[in-house]
Amino acid sequence: MLQIESVSKQYSTRVLLENATAHLRPGSRVGLVGPNGAGKTTLFRMILGEESPDEGTIRKRPRLRIGYLPQELETITGKNVLDATHRDIYPEHEAERILMGLGFSELDFGREVEKLSGGYRMRVALAHLLLSKPDVLMLDEPTNHLDKPTQRWFEQFLLESEMTLLIISHDTEFLNRVVTHIWDLRHHKIEEYRGSYTSFQKVRAERDAQQEAAAGRQAKEVARVQTFVDRFRYQANKASQVQSRIKQLEKVKMIEVKRDPKRVKFKFPIPPPSGRQVLELQGASKRYGEKVIYEKVDCSIERGQRVALVGENGAGKSTLLKMLAGVLELDNGKRSVGHGVTLHYFAQHQAETLNPEHTILESLSEVSNQAETNFLRGIAGAFLFTGDDQKKPIKALSGGERNRVALARMLVEPANTLLLDEPTNHLDPASVDMLTDALSEFPGTIIFISHDPTFLTRVCTRVIEIEEGKARSFTGDYEYYLWKKAQEVESIKESSEDLKGADRGKTAGPTKAMLSQTQTKPSAGERRDLSKTQARLEKQVVKAEAEIADCETKINARDLELANPALYKDESTKWSTLQTEYDGWKKDLVRLTARWETLSAELEEVKQKLTAYA
């Protein structure tokens, strides 16, 4: 279907591909992976014919139809959503089905594409590609703007289709669920692996270990032979043996072990602390034309919180973040900024604002006239730009590399409050890990939007869910939020089943209430067991309440301690240590409260059973 044969490509002194070979087979679903800047998007462009290899050939089957979804889209003008989806294609009903699967409602079909957000414009382009059913579908970071329900539908669509897929994605879970093969763009070659992303990582690690072991054995043998040559080189009775071994050494082809760049760790500079209250919106409203996003929303952020804004696409997450950041004016209401608060705002398309002609170092120096070159070089190095790479112009960088530059600019002048809109988009897994580690240790306040579940789980300490213009707060980490939502769904499901049972009357199965009335009376032993269970649960509830009270006492005492201005006059980082401990107690309180709620519910159920049997 598509053959990449001995392809080489470089820009100036920057080598991307060198004698790279790969074969795209019909029906395969291939994930193209590799570090930012390795040449993934360039390979796509060469397959599309937009660029040419320096050497080698890319062969395609005659009349091969290729569909391509790039990272950055050209704006479609003069068309509504439905027309733009099925342009040049006639099945309108299928277009509607795909659009609804991608999160559009029937009311959206008539909206003008140019007035949609970037994420929804991408969905229109994706819908058109899916409808056109190309032989090969090439996708560059397709899940960056998809919420969970939409992504699940999209994954199922791809699995059920017969299209051959070539996908660039840093979403490893998405790759695990969809791909049948991995192309690893590494050391200027394409290494092919069969299976999921996880199996690829395992096999690659095993290959690397085997290669390193083989190289070690070879080096020992070469050293042994060389020792013999050096020892007996000038002894006449050993001349023939020495010459034999010299020829043996000349024929040896040394195994070259190529190592990946070491993972770099960095820390955000410790900024001056803010007051306890960081940002607040009171009665804030915002609309775009006739579309009301927020009619009257309240939102308050405290020092040290790492707040994730979650919700469906189009719910208003980015709008709320912009209002908190002060880059979007409120129609009505009030925005308050706390004492000593300094802000950095990272927009979804922040990388697009960089001057393409400037080098990486010049881009960093734009942020501050006072920063020394060595300091800027250190920051660039922390984001994996070293040596001559720091002199590369922005226009020569990949999307992920540009995002790293945009993030690095936030370090030049430290701030105690970071507002980040999809900071991990376009970043490879190593860069995401590096950023996640740094943000997890950041002592200030973070408000962020992300679709990356691992990033959310590791960074978040509080969730604000945006739905229908309301901001609902969950005081706990992302896992607690998911657990709480699952509990709510289960509760609604049980209530619905009970109502259905009541509506069906005598033909329905027994409800929980009916079962409790019709059950036969338990034996004395069963009642004794229930009484023991009640006593055990009562003790556990009392213990949980004591632990909660103890935790609340510590939190209240620390509140007073952190509110003391004298704490922050000390040049030491004591306040940061106290804040970290405080955050841990808050998480403990959430966990203890959840356990108390579960135990109390179990106890109440046991009590009801005993009462019913009395």
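Predicted model: local features only at pLDDT ≥ 70, side-chain atom pairs only at ≥ 80, totals over all residues.

User: How are helix 4 and helix 5 oriented to each other, roughly parallel or roughly antiparallel?

Analyst: The angle between helix 4 and helix 5 is about 20°. Angles under 35 degrees count as roughly parallel. Helix 4 and helix 5 are therefore roughly parallel to each other.

User: Which residues make the contact of helix 4 with helix 5, and how do they divide by class?

Analyst: Helix 4 contributes R123, L126 and L130, while helix 5 contributes T150, W153, F154, F157 and L158. By class, the contact of helix 4 with helix 5 has 6 nonpolar, 1 polar and 1 charged residues.

User: How are helix 3 and helix 4 oriented to each other, and which hand does their crossing have?

Analyst: The axes of helix 3 (residues 92-101) and helix 4 (residues 118-132) come within 10 Å and cross at roughly 135°. Helix 3 and helix 4 are therefore oblique to each other. Their crossing is right-handed.

User: Which residues form the contact of helix 3 with helix 4, and how many of them are charged?

Analyst: On the side of helix 3, the contact is made by E94, A95, I98 and L99, and on the side of helix 4 by A127, L130 and L131. These residues divide into 6 nonpolar and no polar, and the number that are charged is 1.

User: Where is E141 found, and is it buried or exposed?

Analyst: E141 is found in the loop between strand 6 (136-140) and helix 5 (148-160). Its phi is near 55°, a positive value in a residue other than glycine. The relative accessibility of E141 is 6%, and buried means under 20%. E141 therefore counts as buried.

User: What is the phi of H188, and how does H188 count by accessibility?

Analyst: H188 lies in the loop between strand 8 (181-186) and strand 9 (189-194). Phi of H188 is positive, near 70°, in a residue other than glycine. With 30% relative accessibility, H188 counts as partly exposed.

User: How many aromatic pairs does the structure hold, and what kind of pair do F228 and F232 form?

Analyst: The structure holds 11 aromatic pairs. F228 and F232 have 4.8 Å centre to centre and 55° between the planes. That pair is tilted.

User: What kind of aromatic pair do F474 and Y481 form?

Analyst: F474 is buried, and so is Y481. The distance between the two rings is 5.0 Å centre to centre, with 80° between the planes. The pair of F474 and Y481 is edge-to-face.

User: Which helices do the buried residues of helix 11 pack against?

Analyst: Helix 11 spans residues 373-382, and its buried residues are L376, I379, A380, G381 and A382. Helix 11 is followed by L384, whose phi is positive, near 70°. The buried residues of helix 11 pack against helix 10 (360-365), helix 12 (399-412) and helix 13 (429-440).

User: How does E604 count by accessibility, and what separation do the C-alpha atoms of E604 and T57 have?

Analyst: E604 lies in helix 18 (residues 574-613). At 42% relative accessibility, E604 counts as partly exposed. E604 and T57 are 547 residues apart along the chain, and their C-alpha atoms are separated by 72 Å.

User: How many helices and strands does the chain have, and what share of its residues count as buried?

Analyst: The chain has 18 helices and 18 strands. Its C-alpha atoms fill a box of roughly 105 × 65 × 65 Å, taken along the principal axes. Of its 614 residues, the share that count as buried is 43%.

Definitions and conventions. Residues numbered from 1 in each chain as written. Heavy atoms only, no water. Buried < 20%, exposed > 50% of the residue type's maximum accessible area, 1.4 Å probe, protein only. Helix = DSSP H or I, 4+ residues; strand = E, 2+ residues; numbered from the N terminus. Contact = heavy atoms within 4.5 Å. Axes fitted to C-alpha atoms, helices over the stretch in contact; angles between N-to-C directions. Parallel < 35°, antiparallel > 145°, perpendicular 65-115°, else oblique. Left-handed = near helix turned anticlockwise from the far one by under 90°. Nonpolar A, V, L, I, M, F, W, Y, C, P; charged D, E, K, R; others polar. Phe/Tyr/Trp six-rings, centres within 6.5 Å; stacked < 30°, edge-to-face > 60°.
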